Amino acid sequence: MPSGGVVLPLRSRMTPIVGIDLGTTNSLVAICDDKGPRIIPDAQGRPLLPSVVRYEVRGEREVAVARGYEARAHAPDDPANTISSVKRLMGRSVADAAPDLPFLSYSVVAGDHNTARVALRRGGSPEAEPVVLSPQEVSAEILRALREQASRALGTEVTKAVITVPAYFDDAQRQATRDAGRIAGLEVVRIVPEPTAAALAYGLGLKAAAAQRPPGSTPSPPSTPSTIAVFDLGGGTFDISILKLTGGDTDIFQVLATAGDTHLGGDDVDNLVVNLLLSDPGLSHRRGTLTPAELSGLKLAAERAKCELSEREQTAIDLPSGPTRTLTRAELESLITPWVDRALDICGRALRDAARQLDITPEALKDTLDAVIMVGGSTRIPLIRRRVGEFFGRAPYTALDPDQVVALGAAVQAGILSGTVKGALLLDVIPLSLGIETAGGAVAKIIFRNSTVPARATEMFSTSVDGQTSIKLHILQGEREMVEDCRSLGTFHLRGLPPMPAGIPQVEVEFLVDANGVLNVSAHERRSGRRAQLQVIPNHGLTREEVARMEADSLTHARDDMTRHRIADLIVNSKLDIKWIGERLAKYESKLDPDYAADLKAQLAALRSRIESAERDWKSVDPDEFYRAKNALDQSSIRLQEVGISESLRNRPGA
Ligand code: ADP
Ligand code: MG
């Protein structure tokens, strides 16, 4: 080896990790180095990449012919093969995606496990067999464009990324996002919720501001716990999240509550403006006769006008084959007021949820909020800023570019993982409780809703039938107490157990949710050493509405559910007791006082009939009485057990 060579710092040889905001409307890529996070623009210097891919079917295969701006600009030429908003289909079934279908310009068909797939049209003919693509493949095309953009700018092949997802994305949607990364040649080192990324970008902003403050001035970045709201209004979706941030040497972010609407965004404003223009005397006569190209031209003009009105008081719109129309900011504002109201209603919901968790009133939470961070292109609308300010009682934080906040935060997380940023930790929460089915159809929760990830919990179980050599583990998600009211995530078996009496095997079940929200379940029978495990990747995800409904249901049914769960457990345990006691009674009856034996038999019969009525209709039994009856039998059977023990000692060989 030649001597005297200059050593290369390890840092620069390390493969960089980029941060990616894979948005419904627009996507961005960013990097964080010792100078802080920054967006990596494309070769033309544009920071955003529209999340649009245009395909052409050539022979048997599809070819992506344009991505980003180019694909979007030419969308009207071939809407059926121009794929936008594919994020709405990620990790979802056709049924899940049904509410989104009317908004998409292309066809969606069912793939394996009813997953939603994109159907491309061959040669523009609706009859020909379509070419079917997964949403992951389309997203991968966008990720590939970002990856090429970053590799070119950084002068090194980029192979690792942190990708953000909405906070409400479930396991299946997160997994689909990872898969898209893998298809694009990216190792997805971490999936981060978008609001958490925004909080990270904000947290870093605070530190930088603190560093610039002259010495001696009062330190204002909070070192005590603080709460922030992230208001994210994008192209098609709205999300509001309330997070807790603990400053100091390490920043800890925790999502307290999230709420939103998957069909509320800037697109609605564009549609409102289009409708306004169509009802205009200058255009109303053409309503219904506009060509698709004219209509999409009008939509682009409406969006352009909307964006201009964020800066100016009025703007001019060119109408198709007609005059120019002036649109004022005041006109736009009165048009969109109901739309703004909808977003603020949702903010109220998130605020109430978060306040409940902190055990304070929503008003008190508003007072203690440290910042309301504005994220998403639509938060540039002055009316939004004003109304959000009025709602939260403070000026929203708009220092960071709303288009870029999430990508910058993803880059900060990437920097933390690669060691360029120190001293911050991310915490996210589990949206729905996770548990397993127990005998009688009840659900034993193992990890509770709102637990912070990564999370680990174990619970001991046993068998309910003698000689069981295999145990089925059924994994469920949801807040309700019975299996039928929860969502099944999968099943697996712990097999090869040596036959043992019911209740003797000691099965330790461990749930582990990793930092990306992926669930690993393992079961271990201690006596035999048998093990089995499962990584849960569900077929398709829950919609946010379903999560909200499951949550609301659990509140409505809480009392009934608890009773039912209790009764199901009482049935199972009473049966086990009856079996044990019955066996011993048969064996040792001759050694017992006849009155005592008769009393035990009567109690056994009474408990048996109580079980029967509970199995017929659980509502007909009083769980407290049931419990007392079971307990009384347990107490009465103590003498029987003592007799049994002394008899078996006496009969021991050599005794
Ligand atoms: P997403 O997160 O859904 O990918 P973005 O955060 O990129 O979306 O937001 C895109 C939306 O923001 C579009 O509807 C766009 O019209 C809107 N938007 C961008 N700039 C402005 C502006 N200056 N004024 C009003 N709306 C804007
Ligand atoms: Mg976004």
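In what order do the strands of the open sheet of 3 strands come, and is their pairing parallel or antiparallel? After that, which residues come nearest to ligand 1?

A: Happy to! Keep in mind that this is a predicted model. The open sheet has the strand order E8-E9-E10, and the pairing is antiparallel. Strand E8 (107-110) and strand E10 (131-133) are the edge strands, each pairing on one side only. From one strand to the next, the twist averages 45°. Now look at strand E9 (residues 116-120), which is joined to E10 by 3 bridges. To find this pairing on your screen, pick Leu120: its bridge partner in E10 is Val131.

Now for the ligand. There are 16 residues around ligand 1, and the ones that come nearest are Thr25, Asn26, Glu303, Lys306 and Ser310. Asn26 places a polar side-chain atom 2.8 Å from an oxygen atom of the ligand. Backbone atoms take part too: a polar backbone atom of Gly235 is 3.1 Å from an oxygen atom of ligand 1, and a backbone N or O atom of Ser378 lies 3.3 Å from a ligand oxygen atom. Taken alone, ligand 1 exposes 580 Å², of which the protein buries 89%.

The shell around ligand 1 is made up of 11 polar, 3 charged and 2 nonpolar residues. Helix H9 (residues 292-309) gives the largest share of that shell, 3 residues. Both domain 1 (13-188) and domain 2 (266-335) give residues to the shell, so ligand 1 lies between them.

Methods: Residues are numbered from 1 along each chain as its sequence is written. Chains are lettered from A and ligands numbered from 1 in the order in which they are written. This is a predicted model: local features need pLDDT of at least 70, side-chain atom pairs count only at pLDDT 80 or more; totals for chains, interfaces and linings use all residues. Side-chain values use heavy atoms; hydrogens and water are left out. A residue is near a molecule or strand if one of its heavy atoms lies within 4 Å of it. A polar contact is a pair of N or O atoms within 3.5 Å; within protein, one must be able to donate a hydrogen and the other to accept it, and residues adjacent in sequence count only if both atoms are side-chain atoms. Accessible areas come from the Shrake-Rupley method with a 1.4 Å probe; for residues, only the protein chains shown count as cover. Helices (H or I, at least four residues) and strands (E, at least two) are DSSP runs, numbered from the N terminus. Ala, Val, Leu, Ile, Met, Phe, Trp, Tyr, Cys and Pro count as nonpolar, Asp, Glu, Lys and Arg as charged, and the others, Gly among them, as polar. Domain bounds come from an automatic or database domain assignment. Two strands pair if DSSP finds at least two bridges between them. Axes are lines fitted to C-alpha atoms, for helices over the stretch in contact, and angles run from 0 to 180 degrees between N-to-C directions.
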